[in-house]
Amino acid sequence: ELDQAKDYYQRALEIRQKQLGPNHFDVAASYNNIGMVCGDKGELDQAKDYHQRALEIRQKQLGPNHVHVAASYNNIGVVCRDKGELDQAKDYHQRALEIRQKQLGPNHVKVAASYNNIGMVCRDKGELDQAKDYHQRALEIRQKQLGPNHVKVAASYNNIGMVCRDKGELDQAKDYDQRALEIRQKQLGPNHVDVATSYKNIGRCVVI
């Protein structure tokens, strides 16, 4: 299905380039879509290249502080993390965060997403105190905007639990993992893979 999706997006790109010109924002959207599929396929160099092409057009057509520019920064940051380019990933996510804070306000769910992404990169870099702080900021926004039982709130609990476990704070980790588990059971059902992940994480707190 991903191969089909990539093929269709590339056909759309070709038509848009011919009909709209190479620097139209719809061309950028096509680059973005192909980049997302390449990322899902594990074609990370291609994904990064397509997202950077989208970014260049968006900066020219929409200005440097547009939310679509932030989206491109975010997407490049995700690919950089997958490639192990952690310093680059953190930089791109921070650029996305700055724009989102300015354009959307400090309590928007997209701001929470940026906090979450920076937190994951910080954990990969071993910057555990920073990671915990960013994930807690994401959690606070998600609780306010989405409610206490949303799956993204559970994801934040899960991520804080992982950082706590890395820091050796096993009681805290277990508490956060159990909160994530409760929400996931309610929202996703008892047999969802995320429920299994929460069980595994709680087990790791006991075994360590």
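This is a predicted model: local features need pLDDT of at least 70, side-chain atom pairs count only at pLDDT 80 or more; totals for chains, interfaces and linings use all residues.
Me: What makes up the protein, in helices and strands?
Reply: The protein has 10 helices and 0 strands. From the N terminus on, the elements run α-α-α-α-α-α-α-α-α-α. The C-alpha atoms fill a box of roughly 60 × 35 × 30 Å along the principal axes. Of the 208 residues, 42% count as buried.

Me: Why is helix 2 called roughly antiparallel to helix 3?
Reply: Look at the angle. The axes of helix 2 (residues 25-41) and helix 3 (residues 44-62) cross at roughly 160 degrees. Angles over 145 degrees count as roughly antiparallel, so helix 2 is roughly antiparallel to helix 3. The crossing is left-handed.

Me: How do you know that helix 2 meets helix 3, and which residues are involved?
Reply: The two axes come within 8 Å. Contact needs heavy atoms within 4.5 Å. On the helix 2 side, the residues in contact include Phe25, Tyr31, Ile34 and Cys38. On the helix 3 side, they include Leu44, Tyr50, Ile57 and Arg58. By class, this contact has 13 nonpolar, 5 polar and 2 charged residues.

Me: Why is Gly119 called buried?
Reply: Buried means under 20% relative accessible area. Gly119 has 0% relative accessibility, so Gly119 counts as buried. Gly119 lies in helix 6 (residues 109-125).

Me: What is Gly119 in contact with, beyond its neighbours within four places in sequence?
Reply: Gly119 is in contact with Ala131, Tyr134 and His135. Take Tyr134. Gly119 and Tyr134 are 15 residues apart in sequence, yet 5.0 Å apart in space, C-alpha to C-alpha.

Me: What about the whole structure: how many disulfides does a search find?
Reply: The search finds 0 disulfides. Cys80 is in none, and the nearest cysteine sulfur, that of Cys38, is 15 Å away.

Me: Is Cys80 buried or exposed, and why?
Reply: The cut-off for buried is under 20%. Cys80 stands at 0% relative accessibility and therefore counts as buried.

Me: What share of the contacts with a separation of 6 or more comes from residues 24 or more positions apart?
Reply: Such residues account for 54% of those contacts.

Terms used:
Residues are numbered from 1 along each chain as its sequence is written. Side-chain values use heavy atoms; hydrogens and water are left out. Axes are lines fitted to C-alpha atoms, for helices over the stretch in contact, and angles run from 0 to 180 degrees between N-to-C directions. Helices (H or I, at least four residues) and strands (E, at least two) are DSSP runs, numbered from the N terminus. Angles under 35 degrees count as roughly parallel, over 145 as roughly antiparallel, 65 to 115 as roughly perpendicular and the rest as oblique. A crossing is left-handed if the near helix is turned anticlockwise from the far one by less than a right angle, and right-handed if clockwise. Ala, Val, Leu, Ile, Met, Phe, Trp, Tyr, Cys and Pro count as nonpolar, Asp, Glu, Lys and Arg as charged, and the others, Gly among them, as polar. Buried means under 20% relative accessible area, exposed over 50%, partly exposed in between (1.4 Å probe, protein chains only). A disulfide is a pair of cysteine sulfur atoms within 2.5 Å.
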